Amino acid sequence: MEVKKILVVGAGQMGSGIAQVAAQTGYDVTLNDINMELVEKGLNVIKKNLDRAVSKGKMTEDDKNKVLERIKLADNLEPAKEADLVIEAVVENLSVKEQVFRKLDELAPSHTILATNTSSLPITKIASFTKRPEKVIGMHFMNPVPVMKLVEIINALQTDPEVTKTVKEVAEKMGKVPIECKDVPGFVSNRVLMVMINEAIWELYEGVAPAENIDNIMKLGMNHPMGPLALADLIGLDTVLAILNVLYEGYGDPKYRPCPLLKAYVDAGWLGRKTGKGFYEYK
Ligand code: CAA
């Protein structure tokens, strides 16, 4: 199946990045959120990224305008009626996703694939909210979306292999590398990553070393582009905690129990870059 029109649901950090990359690679995109203020906020992030590319000479002003022309905005899900592929990137809350998927299933034509960018919620369960579970799949982009090469493709138990093939083609056209895995808690990426981040937070909690030292040891010693605590701040500490809880509940294994320091930071509203404070401070 050829995908031409994509609806991105959720204009936050991930949704705006997905919409940008899709528009840059020639797709007609609609960026949606629950109100126009949030949609405009997402669009401004895209504009900023494109302006930076223009100022670095990586894109012409004309190309930037063409990309922006390919992005339509919506504060409702009606554009699902026209979409070949919907990529959902709303808040990581199963009951919110249930509402969104039920509505999308109602509106979208029967050929439309419904993908979710969830970082850890069960795709098989999300698929079960629809009458087209074989057309539901995980398309897990990495943050920052315009930079990171990977799209983790997660097949629900019900996913049709033709759907997997189509979304892999879309990811490739978007300049990404799709890699498949099964639908288990945390998938491949976050089952590994979150354990590392949590362990770094335990080290900070126990006073093994200050945050800078923990991060620099991992950067200089393992060649990681950023340390685990800085990465947690980039992802958002609320998201890190939510994923660890999914792993902890999903496997029932204490190795995934979130560090109390992480819970305290989330309670304090210190969620990382997005709130200006996490393990580091951001201006
Ligand atoms: N949006 C768009 N572009 C961005 C960006 C953003 N938010 N942040 C950085 N960039 C671009 C810069 O413009 C720059 O582009 P050019 O090469 O064209 O000049 C390039 O990325 C490099 O940026 P910087 O020079 O500013 O900084 P850097 O070299 O330190 O790279 C980084 C920044 C790309 C974030 C790098 O540190 C990195 O790769 N970090 C690890 C990120 C990571 O692990 N992401 C996965 C998180 S897990 C996840 O997303 C899944 C989940 O479910 C939680």
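Visitor: How far is the side chain of Lys 56 from an oxygen atom of the ligand?
Guide: An N or O atom in the Lys 56 side chain is 2.5 Å from a ligand oxygen. A polar contact here is a pair of N or O atoms within 3.5 Å; within protein, one must be able to donate a hydrogen and the other to accept it, and residues adjacent in sequence count only if both atoms are side-chain atoms. One caution: this is a predicted model, where local features need pLDDT of at least 70 and side-chain atom pairs count only at pLDDT 80 or more, while totals for chains, interfaces and linings use all residues. Residues are numbered from 1 along each chain as its sequence is written, and side-chain values use heavy atoms, with hydrogens and water left out.

Visitor: OK, and what about Lys 58 and Asn 190?
Guide: For Lys 58, a side-chain N or O atom sits 2.4 Å from an oxygen of the ligand. Asn 190 has a polar side-chain atom 2.9 Å from a ligand oxygen.

Visitor: How much of the ligand does the protein cover?
Guide: It's 61% of the 1,000 Å² of accessible area that the ligand has on its own. Those areas come from the Shrake-Rupley method with a 1.4 Å probe; for residues, only the protein chains shown count as cover.

Visitor: How many residues surround it?
Guide: 19 residues do, and the closest are Lys 56, Lys 58, His 140, Asn 143 and Asn 190.

Visitor: Is H1 largely enclosed or open?
Guide: Largely enclosed by the rest of the structure, because 10 of its 12 residues are buried. Among the buried ones are Met 14, Ile 18 and Val 21. Buried means under 20% relative accessible area, exposed over 50%, partly exposed in between (1.4 Å probe, protein chains only).

Visitor: What comes after H1?
Guide: Gly 26 follows, and its phi is positive, near 100 degrees.

Definitions and conventions: Near = heavy atom within 4 Å. Helix = DSSP H or I, 4+ residues; strand = E, 2+ residues; numbered from the N terminus.
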